[in-house]
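The sequence and the model come next.

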Amino acid sequence: MAKKILVAEDNKFTATQYAKILESENHQVEIVKDGEECIQKYTKSINADSKKSTFDVLILDHSMPQRNGAEVAGDILSLNPEQKIILASAYALSTERNFSKLKDKVLFLQKPFQLSKILELV
């Protein structure tokens with residue numbers, strides 16, 4: 001089933017690769033370049049009646065300008081605790097303090113990874 005996916009990734013090449021693999025499976029992908037833009041795009045996507053976003057899944061890079069992925073994930077989960085989020089990071093996920101509070105709410109993806117892994121998680 002095709003999903004609407006918001007990708008927050010500051011590396012243009014990486015974001016393009018994510019979009020290519022996801023769109024190859026007919027997913028609709030929107031890309032933003034930093035954490036602040038992600039929050040703005042997500043907030044605008046919330047339906048006034050249902051209070052839910054039109055995005056099925058968010059893929060967040062951890063290390064981004066403005067706000068990191070863990071901060072963005074926390075803010076989005078406060079708006080919608082049911083939102084599906086994948087947090088991709090090159091940092092050791094088990095030792096990063098920001099990740100511990102998200103442990104049971106977010107799927108973590110340790111960089112580097114094969115692009116096919118994103119399709120599995122989505």
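The notes below go through salt bridges, cores and a loop position in turn.

This is a predicted model, in which local features need pLDDT of at least 70 and side-chain atom pairs count only at pLDDT 80 or more, while totals for chains, interfaces and linings use all residues. Residues are numbered from 1 along each chain as its sequence is written, and side-chain values use heavy atoms, with hydrogens and water left out.

**Salt bridges**

- A salt bridge here is a side-chain nitrogen of Lys or Arg within 4 Å of a carboxyl oxygen of Asp or Glu, and the count by this rule is five.
- Side chains of opposite charge can pair when their charged atoms come close.
- Because glutamate 30 sits in strand β2 (residues 28-32) and lysine 4 in strand β1 (residues 4-8), the pair ties together parts 26 residues apart in sequence.
- Strands are DSSP runs of E with at least two residues, helices are runs of H or I with at least four, and both are numbered from the N terminus.
- Lysine 33 is bridged to glutamate 37, with the closest N and O atoms 3.1 Å apart.
- In that pair lysine 33 is exposed at 52% relative accessible area, whereas glutamate 37 is partly exposed at 26%.
- The terms follow relative accessible area: buried is under 20%, exposed is over 50% and partly exposed is in between (1.4 Å probe, protein chains only).
- Aspartate 75 pairs with arginine 67, the closest N and O atoms being 2.3 Å apart, and aspartate 75 is partly exposed at 29%.

**Nonpolar cores**

- A nonpolar core is a set of buried Ala, Val, Leu, Ile, Met, Phe, Trp, Tyr and Cys residues joined through side-chain atoms within 4.5 Å.
- The largest core has 18 residues, and those with the most contacts inside it include Leu6, Cys38, Val72 and Ile85.
- Two or more residues each come from β1, α2 (35-44), β3 (57-61), α3 (69-79) and β4 (84-89).
- The largest share, five residues, is from α3.
- Another core, of 14 residues, lies apart from it and has Ala19, Val57, Ile118 and Val122 among its members.

**Valine 106**

- Valine 106 is in the loop between α4 (97-100) and β5 (107-110), and is buried at 6% relative accessibility.
- Beyond neighbours within four places in sequence, valine 106 is in contact (heavy atoms within 4.5 Å) with residues including Ala73, Leu77 and Ile85.
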